[in-house]
Amino acid sequence: MPSLGADMDEGTLVEWLVTRGAEVARGDVIAVVETAKSTIEVECFESGTVTEFLIEPGTTVAVGTPLAVIAPAGPTPAPGPPVPLPVPAEAVPAEAVPATPLVRHQAAVEGVSLQAVHGTGRGGRIRRADVAEAARSGPARVIASPLARRLAESLGVDLSTVRGTGSRGAVKADDVRAAAGTGGGKPARRGAVGEPAGPRPAATQTPAARPAGDRLAIARLMSRAKREIPHYYLSTTVDLAAALEWMHRRNSTLPVTERLVPAALLLKAVARAAREVPELNGHWREDRFVPAAGVRLGTAVSLRGGGLVAPALADVDRMPLADVMAAMKDLVLRARRGRLRASETADPTLTVTNLGDQGVESVLGVIYPPQVAMVGLGRVTDRPVAVDGMLAVHPTVTATLSADHRASDGATGARFLTALDRLLQHPEDL
Amino acid sequence: MNTRQSAGTAEATRTTYREALREGLREALRQDDRVFLMGEDVGRYGGCFGVSLGLLEEFGPDRIRDTPLSESAFVGAGIGAALGGMRPVVEIMTVNFSLLALDQIMNNAATLLHMSGGQLNVPIVIRMTTGAGRQLAAQHSHSLEGWYAHIPGIRVLTPATLDDARHMLAAALADPDPVLLFEHGSLYNAEGVLDGTIDAVGLDSASVRRPGTDVSVITYGGSLPKALAAAETLAEDGISAEVVDLRSLRPLDDATVLESVARTHRAVIVDEGWRSGSISAEVMARITEQSFYELDAPLRRVCSQEVPMPYARQLEEAALPQPASIVAAARKAVA
């Protein structure tokens with residue numbers, strides 16, 4: 001189960017798009033996975049032959065759990081199947097849990113994973129009282145000392161994200177302090193350290209429980225952002241007269257399907273500005289800023305059913321505008337249909353949120369950890385502006401920057417917004 | 001610990017635990033005519049452990065009284081004397097023999113104040129030797145002070161230092177109700193310097209014998225020197241252990257213990273009694289009841305092995321709490 005975002009702990013296999021014995025190549029879409037946020041197409045990261053499916057569709061497993069075995073292609077016998085981290089999978093197909101439909105329904109309503117419930121009925125059957133009990137006792141229990149729990153509460157640290165160093169992996173007070181202090185930036189889960197997350201009990205989420213999961217994932221990520229990232233905010237109003245005039249002139253020569261919208265210009269300009277100011281394009285990892293090699297622009301897309309995702313568009317800064325337009329349309333469409341690709345959900349390097357179509361003038365966004373900046377774009381609208389000492393009415397947009405003060409200072413942010421303004425004054429060069 | 005400093009120019013004197021106890025007895029006998037000492041071999045023999053050596057010659061047979069070998073009889077006589085207005089100090093040779101007087105202690109001394117509606121208090125002090133470590137085998141090596149701490153109506157004291165050995169008796173005699181003083185057999189020869197500036201000690205509080213920051217080692221009586229030795233070893237490893245001497249097992253001074261745990265967030269209880277149902281269990285329970293959210297590690301304890309005390313030296317040593325086992329428990333607590 002690949003990690004399809006910094007906030008993903010587990011995923012549900014929805015379906016296999018290949019059959020046993022199929023030849024697959026790196027990059028092929030082989031499965032569909034549902035996360036707390038959306039449904040994503042998983043791309044294969046090895047080439048070879050699918051020899052075994054380890055997980056049945058409908059099963060929820062922790063990130064890092066092997067899903068299938070792919071035998072390497074070619075004559076050279078590899079030492080072993082190239083599989084991800086060997087996390088003990090507690091995956092049990094839903095049918096294996098001894099519970100009546102009534103109990104299953106109750107579990108779904110309560111958001112309780114039946115796999116994690118201890119059945120006290122005859123033959124280990126799960127009774128309604130067991131589900132109620134599990135609902136009361138809450139999700140996977142974190143082993144932590146009483147002092148650590150008290151500290152975590154007062155410091156606003158989520159214990160489930162703290163790696164315990166005590167016996168049996170217990171979280172001790174020092175672990176909480178480390179997580180809350182300057183070391184708080186390290187997400188103590190997996191990834192950076194290459195350490196598998198503790199064996200979390202697999203949980204099957206039913207559709208009924210989905211919205212809660214959605215909201216919870218966003219809640220966790222945004223709380224972490226506001227807790228750990230000292231945001232600073234800049235804003236500037238960009239005169240779009242030149243850009244839009246150029247765009248309209250260009251659009252008039254093109255068929256409707258190939259015409260541009262202002263958002264495409266803005267996106268491209270943001271990507272170019274990010275290339276010019278690399279201090280804002282990358283990630284904050286283990287107490288330092290790690291600049292990214294290329295620009296992968298996260299584009300926040302609100303979902304119809306509520307919630308949002310921010311899939312990434314790679315190399316927008318190097319793409320012709322027509323391609324940016326096409327990629328943008330495709331991405332929003334698939335995001336709303338819930339069909340994103342794994343490569344699109346891997347960590348973006350900078351995210352843009354555009355609430356212009358919602359009618360707001362400006363948006364001061366919350367940075368997605370571990371990114372270090374978020375660009376906000378408001379509505380493109382006519383405003384009075386002073387031009388050469390005269391009052392004129394021009395289309396303008398208010399561009400904002402939320403940036404991580406650990407990684408950059410205001411002057412850097414200012415350079416970014418200035419670059420964005422300058423780029424938009426010369427649309428023909430975009 | 002409430003201590004009273006003397007106004008005059010007192011000087012530090014080198015002495016032993018045994019001599020400090022004798023000095024305390026001598027002072028009590030001099031200051032109050034109602035005080036007398038009785039027990040097996042306390043007179044002509046000078047006490048089984050030599051505590052009362054020379055007192056018969058100094059105070060005469062009326063006040064230093066040898067008794068028949070019947071604990072029930074002479075403890076009962078002591079209770080009667082106390083009811084009659086005297087201030088008896090009764091010495092029971094060891095805690096093991098006190099079981100023969102348990103009915104007198106528990107059903108008479110501890111209860112009469114309550115059963116008489118407050119009319120009859122029993123101002124008796126009962127001293128006895130406790131503990132193992134001297135190859136006296138299974139019938140003479142008990143640590144039953146924890147049992148006595150179970151009984152409401154009495155006070156249970158465990159002097160572990162020279163100052164407490166010297167001054168606890170006076171405070172015990174000043175108490176209008178029964179007081180049991182447990183002297184650990186391994187401490188009699190402990191030598192040291194008596195703090196000449198102290199001329200009284202209180203009975204109500206525990207005492208921090210060595211300050212520390214990483215783990216509280218809570219103990220009393222004969223285990224205190226072992227705990228201090230363990231703290232020394234731990235300090236070499238950079239672990240700062242705070243050693244708390246309970247001094248009184250009934251009443252227990254929760255405040256001092258809890259303050260220490262609030263500083264260190266970890267605790268090891270050292271108790272020579274058997275683990276099950278021991279005073280160490282009571283201390284742990286009180287910590288979890290009142291300071292649960294201060295704890296950063298499970299509480300640990302070092303007790304005697306739950307066997308009749310072996311005679312063979314190596315086996316006896318293995319059965320008792322030792323500095324090494326205290327060090328090991330403290331290391332686990334801070335790990």
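The expected span of a helix is 1.5 Å times one less than its number of residues. Helix 1 of chain B, residues 17–31, has 15 residues and should therefore span 21 Å; its end C-alpha atoms are 21 Å apart, in agreement with that expectation. The structure described here is a predicted model, with an ipTM of 0.72 and a pTM of 0.53.

**Confidence and overall composition**

- Chain B has a mean pLDDT of 95, and 97% of its residues reach 70 or more.
- Where pLDDT is low, predicted coordinates should not be read in detail.
- Chain A contains ten helices and 19 strands.
- Of the 430 residues in chain A, 40% are buried.
- Among the contacts in chain A with a separation of 6 or more, 62% are between residues 24 or more positions apart.

**Contact between the chains**

- Eight residues of chain B are in contact with eight residues of chain A.
- On the side of chain B that touches chain A, five residues are nonpolar, one is polar and two are charged.

**A five-stranded sheet in chain A**

- Five strands of chain A form an open sheet in the order 6-1-3-4-15, with mixed pairing.
- Strand 6 (60–62) and strand 15 (340–341) are the edge strands, each pairing on one side only.
- Strands of a sheet pair through backbone hydrogen bonds, in either a parallel or an antiparallel sense.
- Strand 1 (residues 10–16) and strand 3 (residues 29–34) of chain A are antiparallel and share four bridges.
- Within this pairing, A:W16 has A:A31 of strand 3 as its bridge partner, and A:E15 stands opposite A:V32 of strand 3.
- Strand 1 of chain A is also joined to strand 6 of chain A by three bridges, again in the antiparallel sense.
- In that pairing, A:G11 stands opposite A:V61 of strand 6.

**Helices of chain B**

- In helix 1 of chain B, the buried residues are B:Y17, B:R18, B:E19, B:A20, B:L21, B:R22, B:G24, B:L25, B:A28 and B:L29.
- B:V261 belongs to helix 10 of chain B.
- With 24 other C-beta atoms within 10 Å, B:V261 is buried, because a residue counts as buried at 20 or more.
- Setting aside neighbours within four places in sequence, B:V261 contacts B:S216, B:A267, B:I287, B:S291 and B:E294.

**Nonpolar cores**

- The largest nonpolar core has 101 residues, of which B:V217, B:V268, B:I326 and B:A330 touch the most other members.
- Helix 8 (residues 162–174) of chain B supplies the largest share of this core, seven residues.
- Apart from this core lies another, of 74 residues, which includes A:L67, A:V270, A:M328 and A:A373.
- B:A330 touches B:V215, B:V217, B:A230, B:L234, B:I239, B:A241 and B:V268, when residues up to four places away in sequence are not counted.

**Cis peptide bonds**

- In chain A, the peptide bond from A:P369 to A:P370 is cis, with omega near 0°.
- A:P370 lies in the loop that connects strand 16 (350–354) and strand 17 (373–377) of chain A.
- In chain B, the peptide bond from B:R250 to B:P251 is cis, with omega near -5°.
- B:P251 is placed in the loop between strand 14 (248–250) and helix 10 (254–264) of chain B.

- A:D388 is not a glycine but has a positive phi, near 50°.
- A:D388 is located in the loop between strand 18 (381–387) and strand 19 (390–404) of chain A.
- A:D388 is exposed, with 5 other C-beta atoms within 10 Å.
- B:D41, likewise not a glycine, has a positive phi of about 65°.
- B:D41 sits in the loop between strand 3 (35–39) and helix 2 (55–59) of chain B.
- B:D41 is partly exposed, with 16 other C-beta atoms within 10 Å.

Notes: Residues numbered from 1 in each chain as written. Chains lettered and ligands numbered in written order. Predicted model: local features only at pLDDT ≥ 70, side-chain atom pairs only at ≥ 80, totals over all residues. Helix = DSSP H or I, 4+ residues; strand = E, 2+ residues; numbered from the N terminus. Buried ≥ 20, exposed ≤ 12 C-beta atoms within 10 Å, placed from the backbone. Contact = placed C-beta atoms within 7 Å. Nonpolar A, V, L, I, M, F, W, Y, C, P; charged D, E, K, R; others polar. Pairing = 2+ DSSP bridges. pLDDT = per-residue confidence, 0-100. Core = buried A, V, L, I, M, F, W, Y, C linked by C-beta atoms within 7 Å.
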